[in-house]
Amino acid sequence: MATEQHSPSDGAVKHRHRQEGPQRHIVVFVLSVVLTLIAFAAVAAGGVNATFAVILLLVMAVFQVILQMGFWMHLKDKGHLLPIIFMLGGFFIAGTCIVMALYWVWWD
Amino acid sequence: MAQAAQSLNPSPPLRHGHSVKRHTGLMDWITTVDHKKIAILYLWAGGLFFGIGGLEAILIRIQLIKPMNTFLDAQTFNELITMHGTTMIFLGVMPVIFALMNAVIPLQIGARDVAFPFLNSLGFWTFLFGGILLNLSWIMGGAPDAGWTAYTPLSTIQYSGTHGVDFYTIGLQIAGLGTLIGGINFLATIITMRAPGMSFMRMPMFVWASFITSAIILFAFPAITVGLVLLTFDRILGANFFETSSGGNPVLWQHIFWIFGHPEVYILILPAFGIISEVIPTFARKRLFGYSSMVFATILIAFLGFMVWAHHMFTTGLGPVANALFSVSTMLIAVPTGIKIFNWLFTMWGGQVRFTSPNLFAVGFIPTFTMGGVTGVMLASAPADFQFHDTYFVVAHFHYVIVGGLVSGLFAGLHYWWPKMFGRMLSERLGKWTFWTFIIGFHLTFFVQHFLGLMGMQRRVFTYLPNQQFDLLNLVSTIGAGLMGVGMLIFLTNIFLTSRKPADAADDPWGDGRTLEWTISSPPPEYNFKQTPLVRGLDAFWKEKTSGHTAMTPAEPVGPIHMPSATILPFLMSVGIFIAGFGFMFSRDDFGNAFMSFMFNNYLVTAIGLLITFGSMLVRSLYDDHGWHIEPEELEGR
């Protein structure tokens, strides 16, 4: 982790991203749109069981977040260990707050 | 605008012919983006609020000097305890922490400034205006009076009808913005701006502690931001998040407050740990014992710090399972903290210890903080906590960790880095007087409060009946508070006398400096390092000294240095938020004056404030400021 992050002076050597073709971007973009369409369709169709729809939406949301973070925010690329650690830390603490609010404040 | 001198040295042909505006006097301080000057601004502003909080403490102790005292009435007393806690934590010690972080971190990592100098300035001014707004409550209809924790329902509009708590929510919101900005800035600085060779595990311990502190700020402050927004909405816009009658839940506030509030106490103490870890090795002439375990312990404390908030709420009825879990997680924190205590002791063991004034504070810190830690473990036990809760035992505990721990650490840091910040050594003799009066006064004040609490004296009561065995101990406590006040006055005298001496401190005034800040002049030049140093190990300067070198090996040739431009925009943005806060706070008031009511009730004042802020942001976005350069010719003094 340390060797990837430090020293602004030799940054030119470090930031040698391999050029990604547009194909991958298009694939990810289409995937994002499809995930969104599934979510909308599940609700718009009307016939879907409400509990199932909620779970489906949450699962779609998780995939969506992974795609957005990984590809558009470059978390899948090298040299992003610290952003990933901080992202996970944020998710963890936000998750703690949500669990607290659900179990201790609303459902108690 | 002050007169703009053209460039520093117009005679030689400059390769990057940017002209640079040079401000002087007050304008220089308002527009500066230099981390060393912002550090001094933080120090003076924090010192001012610290003084206000200290006066409030003295008034509280005078009221409690004898039973049935009538020096203050109950309402004033409530306002004083609320403002004492809020001011000390948010506006007193946090800015002084930021002062030291600003003054020292870029120097210790071999950087020329922080990652975002503009944000650094913005962070300071939002903090200052938030603090001013909060303290204006004293002359604008009464200070907040619901305790520094502002528990609902006491802090709701129903039970706290004046604008006091509005000053609390809006003031802390604005000041908190500054803290969040500062935290993010230091994270970016430490991750990206370390000198070549300074890997994470070669960073000085103070940098590590500040790094972890900034991470906690990043994760904890959003919680208080949300909490304050909810409370503001309840109070000003008639929402019902905490209103039981409309389906809200007042305990939700306690959860949100302590999800922020417990990490906040680690935000306070970790920088002190870092300072102690710098001072003790320097004056023991030994490297810090167990450096990697110190790093690990700091990270562990930060992680556990988020897992213990409900120990403030044992008595709210969370149930035995939750209480047991939070008891255990709280007690766990004693493990990494204990590692630290032993590491400091082992650092001193066998070292050539010199008891200079910073080292006195550092050594005094260890037993004092440990006592606060021991009462912390006692409080962590849920059944015992039902007895201790809301008594002076709790007051004694948190003053031991915050005053005996953090403030001792800050004193150590201020005495230690004063020559680096100002170029003048503080008087050692007065420094030692400060230490002894302060620490004796401290223990007199707070040691007896453990027993007051165990005997049943409740906190936050404005007076007590005679003949409950409280009389003598309260008198002792007040005398101790006076002695601490004397210690503070000696410190101020020391600063005043020192400021009248010539600025002649050596680069390495303590003689045993281990880290990079001691390799450059005191105070450092605007650009800190003429050449970025090459770091060859932990305690980079000490390593060069032991290799027989007198200076660092440079990692780059002398070249033009890029500098950020001074700007007034952060100041204007903060003024805008300040005005908007006032406008929002008084938006429901009837002023008995058609113009005022029109301006406030239609949110026009808020709009004007936000216009200033967003207008400044627009200017910042549209106007490309490329900064300016200091040329090698100027660096060489030619």
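A: In this predicted model, Met68(B) sits in the loop that runs between helix H2 (35-63) and helix H3 (74-108) of chain B. Its phi is near 50°, a positive value in a residue that is not glycine. Met68(B) is exposed, because 8 other C-beta atoms lie within 10 Å of its own, and the cut-off for an exposed residue is 12 or fewer.

Asp539(B) also has a positive phi, of about 55°, although it is not a glycine, and its place is in the loop between H15 and H16 of chain B. Asp539(B) counts as buried, because it has 23 C-beta neighbours inside 10 Å, where 20 or more are required. The loop between helix H15 (471-499) and helix H16 (540-546) of chain B also holds Pro523(B), which is joined to Ser522(B) by a cis peptide bond with omega about -10°. A cis peptide bond is also found from Thr152(B) to Pro153(B), with omega near 0°; Pro153(B) belongs to the loop between helix H4 (117-136) and helix H5 (164-192) of chain B.

Leaving aside neighbours within four places in sequence, Arg235(B) is in contact with Thr156(B), Ile157(B), Val165(B) and Asp166(B). Arg235(B) is buried, since 25 other C-beta atoms lie within 10 Å. Between Arg235(B) and Asn467(B) there are 42 Å in space, C-alpha to C-alpha, and 232 residues in sequence.

Among the helices, H11 (residues 357-380) of chain B has 24 residues and spans 34 Å from its first C-alpha to its last, close to the 34 Å expected at 1.5 Å a residue. Even so, H11(B) bends by about 30° at Phe365(B), with the proline Pro367(B) following within four residues.

As for the packing, the largest nonpolar core has 182 residues, and those with the most contacts inside it are Tyr42(B), Val93(B), Leu100(B), Ile109(B), Ile216(B), Ile276(B) and Ala412(B). Helix H13 (residues 392-422) of chain B gives the most to this core, with 20 residues. Because domain 1 (1-28 + 557-638) and domain 2 (32-556) of chain B both give residues to this core, it lies between them. Apart from this core lies another, of five residues, among them Phe77(B), Leu80(B), Ile81(B) and Met83(B). In the case of Ile216(B), and leaving aside its neighbours within four places in sequence, the contacts are with Pro263(B), Tyr266(B), Ile267(B), Ala302(B) and Gly305(B).

The C-alpha centres of domain 1 of chain B and domain 2 of chain B lie 30 Å apart, and 23 residues of domain 1 are in contact with 22 residues of domain 2. On the side of domain 1 of chain B that touches domain 2, the elements giving two or more residues are strand S1 (561-563) and helix H17 (569-585) of chain B, and H17(B) gives the most, with 10 residues. The residues of this side of domain 1 comprise 16 nonpolar, five polar and two charged.

Finally, chain B also meets chain A, in a contact that takes 16 residues from chain A and 20 residues from chain B. On the side of chain A that touches chain B, H5(A) gives the most, with nine residues, and the residues of that side are nine nonpolar, seven polar and no charged.

Definitions and conventions
Residues are numbered from 1 along each chain as its sequence is written. Chains are lettered from A and ligands numbered from 1 in the order in which they are written. This is a predicted model: local features need pLDDT of at least 70, side-chain atom pairs count only at pLDDT 80 or more; totals for chains, interfaces and linings use all residues. Two residues are in contact if their C-beta atoms, placed from the backbone, lie within 7 Å. Ala, Val, Leu, Ile, Met, Phe, Trp, Tyr, Cys and Pro count as nonpolar, Asp, Glu, Lys and Arg as charged, and the others, Gly among them, as polar. Domain bounds come from an automatic or database domain assignment. A nonpolar core is a set of buried Ala, Val, Leu, Ile, Met, Phe, Trp, Tyr and Cys residues joined through C-beta atoms within 7 Å. The expected span of a helix is 1.5 Å times one less than its number of residues. The bend at a residue is the angle between axes fitted to the seven residues ending there and the seven starting there.
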